[in-house]
Amino acid sequence: MRTIKTILLLTFMLFITGDMSLQAQTLSNNQVLQQKDSAFFQTQEARRVGDQLLLYQRNTGGWPKNLNMVTPLTAAQQDSVRQQKSRQDDSTIDNKATTMQMVFLARLYQQTKEDRYAQAFRRAMEFLLSGQYDNGGWPQFWPKNRQYQVHITYNDNAIVNVLKIFRDVMKVREPFDGGLVDSQMRERTAKAFDKGIDCILATQIVVDGEPTVWCQQHDRETLLPAKARAYELPSFCTQESAAIVFLLMQISKPDERIVRAVNGAMKWFDEHKITGHRLEKYKVDGKSDLRLVEDSTASPLWARYYDLEKGEPFFCDRDGQPKRSIQEIGYERRNGYGWYNDQPQDLCARYETWAKKNKITNRVTFK
């Protein structure tokens, strides 16, 4: 009877792992790297992907961005990737690079306990620690970078993603438990996390003595809002700021600085929300396009950017000239960038819970 049960269990596991391998082949690169199902990480497919991540990992400890690291490589392609390992100019935290690979390898290690995955994770931790500025921020690329890559980078949640890993590592949260790192690494991580929060508080844009939100990137010397690509101008930026506020609200026992920062940002969000409109996709000459239309029932929206002088929404094409309407910029940028978002709206209920939990007496009242 015990033998029959064993056979049935093995058959079931083969079915599950086989299904997971097939599923991985049909998912996109990022979807595979963001898998959370423990059953998947017990498969040979997960090991194959993990080994390929080790191949793509630069000698810096980091990874480049926007590469498909999941699709199986030919021998010639593997050789080509190996030849790139010594590059110093493409390791980055932009577009979830490095942090996404680290989480995958941590999950894979927890299911396999194979040391090569833990070692790769630790090398990546050293890479992240090495990139932090004295003021607590991180550039977009290092050790070699150029132009706007040197700025303190909140764009696409780059620094937030780093700090989330640091927070979970220092608190020994899954999947960063089980001996993945030692106590010394956790202590270093805790110090780096605190410095990162200090940088966030120091770069928050202050207007008339009141804290507001953040720009996508800030100058590493002056900490002031800075320009990146031609259409990414110094501004109040809502999408990345919402992620920063959520991170701050997850800090246990927030001090007065954090309370002030969160309250200031939530007040600014409330004062700059766009109501009575929605973003609509429509067809013109057979092509999809975007426009903002009136709709009294629509949920609040926020523009990606607000100018630093008047706090009004603006949109920008590759010529670097800000416009007041999304319709005033060209088709390619209008449809190739996220000009509106609703992330601040998701914070409202969380803020109420946070304010009650921490007994915030001067909480923001939303209009």
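Arg-47 is a buried residue here, with a relative accessible area of 18%, which puts it under the 20% cut-off for that class. Keep in mind that this is a predicted model. Arg-47 also pairs with Glu-114 in a salt bridge, and that pair is a handy way into the rest of the chain.

- In the salt bridge between Arg-47 and Glu-114, the closest N and O atoms sit 2.8 Å apart.
- Arg-47 belongs to helix α3 (residues 44-56), while Glu-114 is in the loop between α5 (99-112) and α6 (115-131), so the bridge ties together parts that are 67 residues apart in sequence.

**The Arg-87 group**

- Arg-87 forms a salt bridge with Asp-89, where the closest N and O atoms are 3.0 Å apart.
- Arg-87 also meets Asp-90 in a salt bridge, this time at 3.6 Å from N to O.
- How accessible are the residues in this group? Arg-87 is partly exposed, at 33% relative accessibility.
- Asp-89 counts as partly exposed too, at 39%.
- Asp-90, on the other hand, is buried at 9% relative accessibility.
- Back at Arg-47, salt bridges with shared partners link Arg-47, Asp-51, Glu-114 and Arg-116 into one network.

**Charges overall**

- The structure has 29 salt bridges in total.
- As a bit of background, side chains of opposite charge can pair when their charged atoms come close.
- The protein chain carries 52 positive and 45 negative side chains.
- The centres of those two sets of charges lie 5 Å apart.

**Fold and dimensions**

- Going by secondary structure, the protein chain has twelve helices and twelve strands.
- Along the principal axes, the C-alpha atoms fill a box of roughly 70 × 55 × 50 Å.
- Take the contacts between residues at least 6 apart in sequence: 65% of them join residues at least 24 apart.

**Inside and surface**

- Buried residues account for 50% of the 367 residues in the protein chain, and Arg-47 and Asp-90 are both buried.
- The protein chain exposes about 18,300 Å², and carbon and sulfur atoms supply 49% of that area.

Terms used: Residues numbered from 1 in each chain as written. Predicted model: local features only at pLDDT ≥ 70, side-chain atom pairs only at ≥ 80, totals over all residues. Heavy atoms only, no water. Helix = DSSP H or I, 4+ residues; strand = E, 2+ residues; numbered from the N terminus. Buried < 20%, exposed > 50% of the residue type's maximum accessible area, 1.4 Å probe, protein only. Contact = heavy atoms within 4.5 Å. Areas by Shrake-Rupley, 256 points an atom, 1.4 Å probe, with all protein chains shown as cover. Lys, Arg positive; Asp, Glu negative; His and termini not counted. Charge placed at Lys NZ, Arg CZ, Asp CG, Glu CD. Salt bridge = Lys/Arg side-chain N within 4 Å of Asp/Glu carboxyl O.
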